[in-house]
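Subject: Structure handover

Hello,

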Amino acid sequence: MSIVAAAVAVLVVLTGSWGAYRALTNQLCGQKINLSLSAAPEIAPAVRETMAKAEGELRSGDKCVSVEVISADPADVAAAIANHHGSSLGGLGQASVRTKVPDVWIPDSSMWLQRLRSGGQDWVPDDAQSVARSPVVLAMPESAATALGWPNKKLTWTDLFPRLISDIRVRSGVVEPTRDAAGLSGLLALVSAGEAVGGSAGRQTTVGALRAFAIGRSALREDLLARFPRSTDVTSAARSLTAAPLTEQAVISYNSKQPPVPLAALYVDPAPVPLDYPFAVMPGTSVDKGTAAGAVLALLAGDAYRNRLAAVGLRGDDGGVGAGFAAPRGAPSLTAPTATPPDPGRIETLLSTWTTVTSPGRMLAVIDVSSSMTQPVPSAGGATRQQVTIEAALRGLALFDDTWSAGLWIFSTQLDGANDYRQLVPIAPLSEQRQQLLAALGEVKSKRDGGNGLYDTTLAAYKAVQAGWDPSRVNSVVIMTDGMNDDQSGLSLDQLVEELRRVADPARPVQVIAVGIGNDVVEGDLKRITDTTGGGTFTTSDPSKVGDLFLKAIALRTGVRR
């Protein structure tokens with residue numbers, strides 16, 4: 001035995017102090033590595049306890065490792081990461097100055113990593129190992145769940161759609177999916193089930209369900225949970241929340257406080273993607289810290305760690321449970337293997353749709369009817385560019401509730417006398433003119449031999465929206481075109497930009513959002529317009545994708561970039 005080891009042994013025997021042993025071993029460290037680890041609040045206690053048990057023993061080579069475990073909302077850390085790269089993530093805004101980018105991040109879901117990668121592939125690691133798991137369930141007061149056949153009946157989203165959409169006794173809610181992974185996962189599952197219905201019925205079902213959840217949305221999980229029944233009184237129950245997508249862990253935590261009305265966890269089929277708590281070592285972390293993070297990850301495994309997860313209502317990464325896990329009634333002892341995270345495109349489309357449903361605006365849609373819009377689109381079954389554009393507008397209109405205001409113009413060249421544009425429906429509340437807009441869209445036809453009068457039309461549309469500017473809404477022009485201006489008698493691009501700058505009023509901002517389809521669009525020219533007014537440009541060489549672009553465009557008119 002070495003002299004140092006002998007000294008340690010004598011010290012332990014003489015003092016009986018594990019603390020003294022740790023103090024001495026810390027002195028024997030060559031250097032100390034300080035690792036910051038931000039973890040979602042529900043898993044932070046289990047991670048912190050695991051690190052505390054390893055204190056004094058956690059090493060990387062001859063260096064001691066000290067881990068600071070910080071409990072942090074994943075939305076706040078995601079905002080900090082995006083802000084660090086000079087950007088933002090839709091629905092999050094600016095990060096708090098108190099939230100820092102950590103060396104290691106354990107958010108509640110890999111969907112955060114997917115969303116951040118859409119901003120920059122090097123913002124977060126390519127892959128991250130799961131260190132816990134929690135299924136996403138539909139939480140309901142037990143009395144309401146019992147009426148649906150819980151816990152004996154296996155419910156599907158199709159079973160629930162009529163209740164969620166039409167039953168006035170059911171009050172649905174969700175934590176904002178832009179800020180909450182469980183809310184996002186639940187709505188993705190709901191949308192997938194609606195798509196499975198197919199056709200216009202499926203779209204109507206999906207929109208109806210999204211609107212039902214939107215009515216009861218909350219910015220914070222704690223606020224949502226506080227709206228479930230607080231007493232067994234019938235009047236109280238009638239005014240309270242009835243259904244919301246939450247994690248199994250949130251239901252366990254809620255019921256652990258022994259509320260007068262416990263929550264049931266409905267494991268709806270098809271199951272939403274579970275939260276998987278990825279262990280993400282952030283890019284740019286030093287080699288020493290990366291090695292130390294590997295040592296930390298190795299500790300987040302085994303029975304002792306799984307039991308600590310169970311104590312806070314979480315499952316192991318394989319879906320199994322540790323000792324003392326307070327499973328909700330009807331919960332499986334082992335959940336299915338972790339599903340592949342949803343495609344980032346689906347996440348983006350869902351969040352764009354959600355923004356449209358929840359953020360009414362004042363919008364003028366301006367649709368190109370030049371002769372080139374008659375070209376067939378092979379990827380759309382031979383439908384013309386005009387037809388796929390109108391279909392996209394109809395899908396968007398179906399998402400707008402009656403609090404929206406919208407109008408419709410068409411444009412080509414010399415469409416209304418010397419004007420390149422014609423107003424079909426003026427901007428007004430949809431509560432007054434939804435059917436008029438639908439009818440007008442159904443009558444849109446391309447002009448034979450018509451050219452593209454984009455620049456004159458853009459200026460006229462901008463001025464029209466500005467003239468009726470509504471301070472309570474985001475005021476926007478959405479222009480959908482398949483080409484560039486070819487009206488030689490009208491404004492040039494330089495003249496248009498100069499005029500837009502001249503008439504712009506910071507007190508009455510109007511966004512211009514350009515949706516360009518086909519290979520004839522010059523994205524750079526469109527960007528000159530939208531960079532001048534504020535807004536954004538979206539282009540695709542495949543006109544069949546115009547529906548997704550339109551969703552992104554009308555989401556952007558809230559000022560949220562994705």
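Predicted model: local features only at pLDDT ≥ 70, side-chain atom pairs only at ≥ 80, totals over all residues.

Residues are numbered from 1 along each chain as its sequence is written, and side-chain values use heavy atoms, with hydrogens and water left out.

Pocket

The search used a 1 Å grid over the protein atoms alone: a cavity is a set of points where a 1.4 Å probe fits but cannot get out, and a pocket is an open set with protein on both sides within 12 Å along at least five of seven lines. Lining residues have an atom within 4 Å of a point. Points are joined across faces, edges and corners, and a volume is the space filled by probe spheres set on them. Helices (H or I, at least four residues) and strands (E, at least two) are DSSP runs, numbered from the N terminus.

The largest pocket has a volume of about 1000 Å³. Its lining consists of 37 residues, with Arg203, Val207, Arg395, Leu399 and Leu551 nearest the centre. Two or more lining residues come from each of α8 (181-197), α9 (199-215), α15 (344-358), α16 (385-399), α17 (430-442) and α21 (546-556). The largest share, ten residues, belongs to α9. The lining of this pocket divides into 15 nonpolar, 13 polar and nine charged residues; here Ala, Val, Leu, Ile, Met, Phe, Trp, Tyr, Cys and Pro count as nonpolar, Asp, Glu, Lys and Arg as charged, and the others, Gly among them, as polar.

Cavities

There are four cavities of 30 Å³ or more. The largest cavity holds about 110 Å³ of space. Its lining includes Met363, Ala393, Leu437 and Phe550, and β12 (362-368), α16, β13 (405-416) and α17 each supply at least two residues. By class, that lining has eleven nonpolar residues, one polar and no charged ones.

The second largest cavity has a volume of about 40 Å³. Leu454, Thr458, Ile479, Val512, Ala514, Leu526, Ile529 and Thr530 line this cavity. The largest share of the lining, three residues, is from α20. Six of the lining residues are nonpolar, two are polar and none is charged.

Helix contacts

Axes are lines fitted to C-alpha atoms, for helices over the stretch in contact, and angles run from 0 to 180 degrees between N-to-C directions. Helix α18 (residues 454-467) packs against helix α20 (residues 523-533) at about 15 degrees, with the axes 13 Å apart. The two are therefore roughly parallel (an angle under 35 degrees). Contact (heavy atoms within 4.5 Å) is made by Leu454, Tyr455, Thr458 and Tyr462 of α18 and by Asp525, Leu526, Ile529 and Thr533 of α20. These residues comprise five nonpolar, two polar and one charged.

Helix α3 (residues 44-53) and helix α14 (residues 302-311) cross at roughly 145 degrees, and their axes come within 9 Å. Ala46, Glu49, Thr50 and Lys53 of α3 meet Tyr305, Arg308 and Leu309 of α14. By class, this contact has three nonpolar, one polar and three charged residues.

Regards

Key. Parallel < 35°, antiparallel > 145°, perpendicular 65-115°, else oblique.
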